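Please open the structure in your viewer and keep the selection tool at hand.

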Amino acid sequence: MAAARVDLDGRPIRPMTICMIGAGGFIGSHLCEKLLMETPHKILALDVYNDKIKHLLEPDSLHWSDRIQFHRLNIKHDSRLEGLIRMADLTINLAAICTPADYNTRPLDTIYSNFIDALPVVKYCSENNKRLIHFSTCEVYGKTIGSFLPKESPLRQDPSYYVLKEDDSPCIFGPIEKQRWSYACAKQLIERLIYAEGAENGLEFTIVRPFNWIGPRMDFIPGIDGPSEGVPRVLACFSNNLLRREPLKLVDGGQSQRTFVYIKDAIEAVMLMIENPARANGQIFNVGNPHNEVTVRQLAEMMTEVYLKVSGEPPIESPTIDVSSKEFYGEGYDDSDKRIPDMTIINRQLGWNPKTSLWDLLESTLTYQHRTYADAVRKAMANPIPSS
Ligand SMILES: NC(=O)c1ccc[n+]([C@@H]2O[C@H](COP(=O)([O-])OP(=O)(O)OC[C@H]3O[C@@H](n4cnc5c(N)ncnc54)[C@H](O)[C@@H]3O)[C@@H](O)[C@H]2O)c1
Ligand SMILES: O=c1ccn([C@@H]2O[C@H](COP(=O)(O)OP(=O)(O)O[C@H]3OC[C@@H](O)[C@H](O)[C@H]3O)[C@@H](O)[C@H]2O)c(=O)[nH]1
């Protein structure tokens with residue numbers, strides 16, 4: 001079955017070894033699952049944690065157990081990193097601090113994680129002639145040009161003022177004191193460094209810019225499988241509110257717009273990059289779903305409706321509440337206004353298109369959240385003081 005695999009140009013795909021850094025995270029766990037279940041490739045999985053891939057590592061009797069090896073390490077300081085990159089044909093770097101609540105409150109950790117810690121990975125790939133797929137972000141675009149136009153300007157409706165194109169759109173960040181942009185800026189600089197390694201030293205690279213990939217296993221539910229005071233990304237924040245039957249918090253009125261793509265669709269795009277190096281090398285790819293655009297307020301309303309359906313619970317009196325960004329994230333927060341990915345390049349190079357509607361992806365994701373967490377949340381709420 002695996003031997004019959006061919007790439008987009010009809011050439012057989014040879015089994016490869018992949019060094020996946022950050023394999024224990026949300027995207028890494030889905031990518032490992034897909035690679036093990038549907039390909040013959042081997043994975044060297046590197047991360048500080050492995051809770052989200054435990055089901056792939058244990059028991060030893062799983063039929064792919066000889067194709068995945070977990071190495072618990074922190075890439076900040078571990079001499080095994082270069083050896084592992086050398087053992088692999090391809091390195092995929094997912095490791096990062098990537099939750100907005102950290103960007104303005106832990107800007108140094110954010111910059112180190114997204115720039116400094118990624119440097120050795122790029123250097124080892126370049127020096128050892130290894131291919132690199134690096135995970136950047138849609139946040140490198142920052143704000144849209146349209147956001148600077150007067151509110152009533154008809155140009156705001158013109159896609160050339162808001163659709164984000166890899167080879168055309170500028171990167172527009174706020175002032176330095178808005179530390180929110182520490183993440184986007186660090187990601188932009190590592191992109192430029194990788195691009196320069198390609199241009200000057202021949203590094204074979206692909207840069208991925210995810211546009212709000214969401215699905216099961218994203219982040220954590222505060223107080224259940226993560227810190228009680230922790231602030232995850234919006235899917236987990238709203239899931240937590242729904243599970244606890246409390247109002248969903250809309251930051252600054254929930255007017256920002258996002259496009260959400262289902263993790264399983266997005267993983268298909270990464271698989272195409274992995275298995276079609278001739279089409280993916282030297283490229284920067286937007287990966288998102290331009291058809292799934294909502295304001296954060298609309299997302300809250302849709303998640304509430306879907307959750308009531310999958311949980312069978314009755315509605316609460318006030319389903320949402322407004323909070324200021326200062327109250328929610330603290331000083332130095334700022335926001336991207338709108339994020340619609342242009343899909344021309346990924347379509348042309350890999351023929352990829354997202355499939356899943358926002359309603360459908362929320363239905364499967366919230367079914368997972370309800371099954372995984374509802375009992376634990378109920379118990380935690382009934383017994384809020386830990387019993388030593
Ligand atoms: N999920 C999205 O929609 C999205 C959007 C834009 C960009 N991205 C990028 O994609 C990548 C993966 O994102 P994710 O959503 O899976 O996040 P995640 O936080 O779930 O995964 C990141 C993983 O990297 C690991 N890691 C971090 N620092 C490490 C270190 N020093 N050594 C070893 N492991 C380390 C973490 O333990 C974690 O398991 C990140 O680079 C992120 O910036 C994701
Ligand atoms: O409880 C909440 C949480 C979040 N929000 C809002 O929801 C929107 C989306 O928030 P997310 O936490 O998903 O983060 P963002 O979309 O701003 O950034 C993300 O984008 C791409 C990646 O690089 C990162 O995963 C992250 O930076 C923001 O406008 C935020 O202010 C709420 O209104 N309420």
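Start with the second largest pocket of this predicted model. How much volume does the second largest pocket have? The answer is about 290 Å³. To find the place, select Ile13, Arg14, Met16, Glu275 and Pro277, which are the closest to the pocket's centre among the 13 residues that line it. Now try colouring the lining by class: seven of its residues are nonpolar and six are charged, while no polar residue takes part.

Next, select ligand 1. Which residues are the closest to ligand 1? Show Phe26, Asp47, Asn74, Tyr183 and Trp213, and you have them; in total, 25 residues surround the ligand. Colour this shell by class too, and you will find 15 nonpolar residues, seven polar ones and three charged ones.

- Tyr183: an N or O atom in its side chain is 2.7 Å from a ligand oxygen.
- Lys187: here a polar side-chain atom lies 2.9 Å from an oxygen of the ligand.
- Leu94: this time look at the backbone, where a polar atom is 3.1 Å from a ligand oxygen.

How much of ligand 1 does the protein bury? Taken alone, the ligand exposes 830 Å², and the protein buries 89% of that.

Terms used:
Residues are numbered from 1 along each chain as its sequence is written. Chains are lettered from A and ligands numbered from 1 in the order in which they are written. This is a predicted model: local features need pLDDT of at least 70, side-chain atom pairs count only at pLDDT 80 or more; totals for chains, interfaces and linings use all residues. Side-chain values use heavy atoms; hydrogens and water are left out. A residue is near a molecule or strand if one of its heavy atoms lies within 4 Å of it. A polar contact is a pair of N or O atoms within 3.5 Å; within protein, one must be able to donate a hydrogen and the other to accept it, and residues adjacent in sequence count only if both atoms are side-chain atoms. Accessible areas come from the Shrake-Rupley method with a 1.4 Å probe; for residues, only the protein chains shown count as cover. Ala, Val, Leu, Ile, Met, Phe, Trp, Tyr, Cys and Pro count as nonpolar, Asp, Glu, Lys and Arg as charged, and the others, Gly among them, as polar. On a 1 Å grid over the protein atoms alone, a cavity is a set of points where a 1.4 Å probe fits but cannot get out, and a pocket is an open set with protein on both sides within 12 Å along at least five of seven lines; lining residues have an atom within 4 Å of a point. Grid points are joined across faces, edges and corners, and a volume is the space filled by probe spheres set on the points.
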